[in-house]
Amino acid sequence: MPATVPLRLTVDELAARAGVTVRTVRFYSGRGLLPPPELGPRRVGFYGPEHLDRLELIEELQRQGLTLAAIERYLAQLTPDIGSLDLAIHRALVAAWTPESTEEAEVGQLCRRVGRELTEDDLDRLVAMGALQRTERAGVFRVEPGLLPLGARLLDLPIPLETIVATRAVVRLHSQATARELHRLFRETVWKPFRESEPAEAEVDRMRELTGQIEPMLTQALVTAFHRSLAEQLAEGR
């Protein structure tokens, strides 16, 4: 169990760590988006790291514009025994399409948020991962909410700092190449023929509105494809 997440969380603690209300947790549970908690003494429900990561993933998918029905389909594609780290990876990948965060936090706030004390080395590693960005003010960092939970879980793994930096560079390089190719494909096969048909201004506005709704679908498709490809590569390397 990573040091970042307590062994068991009450529903109030789970909601506080995820930044949602208890009512939201119960709503998701009622929709089957969260598995049932473990029942303790006096039938008090306790939640583990998988509940927290699944809840944070649901919130991220909602921020991306997915409906509850789409979120249900997304979660249904995940393996039943998916672990906390895999869920955190999914959330981090989904969050990559969120506009750059303007949220800032001091070190003490970050420690409370991830549930552990953060050393200078920990902060350096989180910066290298892209979970944090240093600001001009000492001890104040700009936070990437989608990456911070995953980064905190990776702090306990013996991964050299240079490997983290190189990994981030590889991901950035290939994601930029994918984005450019998708933009080229859409521009040449969709927008160009549409413009050449001389549509009315109302149709152009409607087309812009529809294309804006494609991003959540692309996000889901890319995350799913990347996760499957990574799993295949890991399986081949064993």
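**Close-up 1. Burial along helix H3.** In H3, the buried residues (under 20% relative accessible area, with exposed meaning over 50% and partly exposed in between; 1.4 Å probe, protein chains only) are Pro-49, His-51, Leu-52, Asp-53, Arg-54, Leu-55, Glu-56, Leu-57, Ile-58, Glu-59, Glu-60 and Leu-61. The model is predicted: local features need pLDDT of at least 70 and side-chain atom pairs pLDDT 80 or more, whereas totals for chains, interfaces and linings use all residues. Residues are numbered from 1 along each chain as its sequence is written, and side-chain values use heavy atoms, with hydrogens and water left out. Because 12 of its 15 residues are buried, H3 is largely enclosed by the rest of the structure. Helix H3 (residues 49–63) reaches 21 Å from its first C-alpha to its last, close to the expected 21 Å (1.5 Å times one less than the number of residues). Helices (H or I, at least four residues) and strands (E, at least two) are DSSP runs numbered from the N terminus. Gly-65, with a positive phi near 100°, follows H3.

**Close-up 2. Aromatic pairs.** Two aromatic pairs are present in the structure; rings of Phe, Tyr and Trp (its six-membered ring) pair if their centres lie within 6.5 Å, and planes under 30 degrees apart count as stacked, over 60 as edge-to-face and the rest as tilted. The ring centres of Phe-27 and Tyr-28 are 6.0 Å apart and the planes stand at 50°, so this pair is tilted. Phe-27 counts as partly exposed at 41% relative accessibility, while Tyr-28, at 3%, counts as buried. For Trp-191 and Phe-194, a centre separation of 5.7 Å and planes at 80° make the pair edge-to-face. Both of these residues, Trp-191 and Phe-194, are buried, and they lie three residues apart in helix H9 (residues 161–196), about one turn of the helix.

**Close-up 3. A charge over a ring.** The charged end of Arg-8 sits over the ring of Phe-46, 4.0 Å from the ring centre; the criterion is NZ of Lys or CZ of Arg within 6 Å of the ring centre and within 35 degrees of the ring normal.

**Close-up 4. The open sheet.** Three strands, in the order S3-S5-S4, form an open sheet with antiparallel pairing (two strands pair if DSSP finds at least two bridges between them). Strands S3 (104–106) and S4 (132–134) are the edge strands, each pairing on one side only. S4 and strand S5 (residues 140–143) pair over three bridges, and Arg-134 has Phe-141 in S5 as its bridge partner.
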